[in-house]
Amino acid sequence: MATHLYENPVFLEHEVPEGHPERPDRLKALNLALEHPNFAELKRIEALRCDEDLVLLAHTEEHLRSIKRAIPDDDINQIEADTYASPMSLEAALTGIGGAVQAVDAIFAGEADNAFIAARPPGHHAEKDKAMGFCFFNTVAIAARHAQRAHGAERVAIVDWDVHHGNGTQDIFWDDPSVLFCSTHQMPLYPGTGTKDETGVRHNIVNAPLPPNSSSEHFRDAFRTRVLAAIENFRPDFILISAGFDAHHRDPLAQLNLVAEDFDWATGRLMDVAGKSAGNRIVSSLEGGYDLQGLAESAGLHILRLMRG
């Protein structure tokens, strides 16, 4: 079955100040990598803007209203410390959610085994009622809720290997035993959450913090012993990935020493688990990754692994 990639030119229209790391060039670098013949069979689909009500699956009405109020008619508006909005930012964020929901629908309809959402802005720092860390809305959280509501998914696992802890996803599912959230991330580092003792009300949160300068060996060991062990025990019927690639050794915002092949390896291990309990169903959504070469190589291998099954 095909791997679907959801994309839309509107993702390039979410503008940030010059020099900001979460810039349109990130998607341009990925698109250039996807021109390689290896990706000739990748099914590329236009992501469609979602209905605003879908945001409420994971966020409060006031949060949605606050984001809408923050969108400027022109120029760029600062929402919080490092999160900015331009005139097309809301459209980009809602289209990213739309692509994720389309991917969920396609997979549960049997049209694809897995999918990748090549969207920006990212989402995993967005809490129930707060935008932060470049993020407006939590795309993977909304996709998880949609899978449960529309397709009857009973046990959803979310794996976040972005170098920054997915505090927003943890906040949204803190007391929900139907969703397992697992995260590998550097600590100490922004946003300062993600210790091992943050386990959620129902022990459905699994954090695997890594110290600065951790190697591929350290990452794989943590992923194997904490993340994979928890997921295999949970036996999910659907897996979502918050696919940040800023743990790559070239990335300017952190100090982990992963290489592109580590993301290939982690993808393969999650596909093994998905094959056992989740009918191979995986949806992956782009989060961080701010060195263009590191992002393109890592995301390219991640997508290629999804395609090869």
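1. Tyr290 is buried, at a relative accessible area of 6%; buried means under 20%, exposed over 50% and partly exposed in between, with a 1.4 Å probe and protein chains only. Phe134 is likewise buried, at 12%.

2. This is a predicted model, in which local features need pLDDT of at least 70 and side-chain atom pairs pLDDT 80 or more, while totals for chains, interfaces and linings use all residues. Residues are numbered from 1 along each chain as its sequence is written, and side-chain values use heavy atoms, without hydrogens and water.

3. Aromatic pairs number eight, counting rings of Phe, Tyr and Trp (its six-membered ring) with centres within 6.5 Å; planes under 30 degrees apart are stacked, over 60 edge-to-face, the rest tilted. The planes of Phe134 and Tyr290 stand at 90° with centres 5.8 Å apart, so this pair is edge-to-face. Phe134 sits in the loop between strand S5 (114-117) and helix H4 (139-151), and Tyr290 in the loop between strand S10 (282-286) and helix H8 (292-308), 156 residues apart. Helices (H or I, at least four residues) and strands (E, at least two) are DSSP runs numbered from the N terminus.

4. Phe223 and Trp265 are also edge-to-face, 5.7 Å centre to centre with 65° between the planes. Phe223 belongs to helix H6 and Trp265 to helix H7, so the pair ties together parts 42 residues apart in sequence. Both residues are buried. One aromatic cluster includes Phe223 and Trp265 along with Trp161, Phe219, Phe245 and Phe263.
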